[in-house]
Amino acid sequence: THQRSAYVQEEVVEVQQNLRIAVDDISRDIRMAGFMIPPTDFPIESVGNNTGLGGSDDITINTGSETGKYARIDNNTTSIAGDTVFTVDSPEAVDGFDTDNVNMRVRIIKPQDREGRLPLDGELNVSTKNRGGPTITIATGTAGVTFVKGDMIVRTTTGAPHPNTVVYSLVSGGACPSGQNCIQRDANGIGSIVANNITGLQFSYILDNGTEIDVPVELNKVRAVRVIITGATAETTA
């Protein structure tokens, strides 16, 4: 009995840690919903209520950066047809970027551009970065574009749409351990397991009038999301 109690306690700790990780990841992405996206798109693109595995919910989020990495341009800069050096707001912002131009790209977005157009088309490469500047040097192909303080450099992935999309759902099989259900984060079509030993994933939505509902008809009126996650293992179910 003593051995079994100790074993179950380890299982409980594992479940609790999985729940914390899932809540942290989902909360971070929900906070980034709507970040630097065109005004024609909603921060929450779609919701599924009791339509997933075991009656679970799913949610699709629109964001300018599925990685949550960005830097604010800190002075007026005009692009050149080559490497343009941008001074950014902090050394910490520089840390979120690297020169892995196989998997990583950046976009430069003007927040005041109400139609959500990008001043330089498509994805751009980071040439160098300097934490001491702090600066980020980007290979720009278009010359003569003026950037002002407050314009944003956002990190994205190669081939990602604009806006980026992040989907959370409950899954089984694949990378999820056998016999378990897992929360999957699907970022621009690439899925990864966030947490295992999950038995339930539910979302409800608080609207601008304070009403809380499971299926919002007008997604532009969503102001907050309540996340409910339950977890159990074979040993802790009872």
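This is a predicted model: local features need pLDDT of at least 70, side-chain atom pairs count only at pLDDT 80 or more; totals for chains, interfaces and linings use all residues.

Begin by selecting Cys176 and Cys182, whose link is right-handed, with 80° about the S-S bond. The two residues are joined by a disulfide with an S to S distance of 2.0 Å; the term denotes a pair of cysteine sulfur atoms within 2.5 Å. The structure holds 1 disulfide. Both Cys176 and Cys182 are buried. Here, buried means under 20% relative accessible area, exposed means over 50%, and partly exposed lies in between (1.4 Å probe, protein chains only).

Residues are numbered from 1 along each chain as its sequence is written, and side-chain values use heavy atoms, with hydrogens and water left out.

The next stops concern charged side chains. Side chains of opposite charge can pair when their charged atoms come close. A salt bridge is counted when a side-chain nitrogen of Lys or Arg lies within 4 Å of a carboxyl oxygen of Asp or Glu. How many salt bridges does this rule give? The count comes to 12.

Select Glu66 and Arg185 next. Their side chains meet in a salt bridge, at 3.3 Å from N to O. This pair links distant parts of the chain, 119 residues apart: Glu66 is in the loop between strand 2 (58–63) and strand 3 (70–72), and Arg185 is in strand 12 (residues 182–187). Helices (H or I, at least four residues) and strands (E, at least two) are DSSP runs, numbered from the N terminus. Glu66 is buried at 10% relative accessibility, and Arg185 is buried at 12%.

Move on to Asp25 and Arg28. Their closest N and O atoms are 3.3 Å apart, forming a salt bridge. Asp25 is buried, with a relative accessible area of 18%, whereas Arg28 is partly exposed at 39%.

Finally, select Asp74 and Arg72, whose side chains form a salt bridge at 3.5 Å, N to O. Asp74 is partly exposed at 26% relative accessible area, and Arg72 is partly exposed at 30%.
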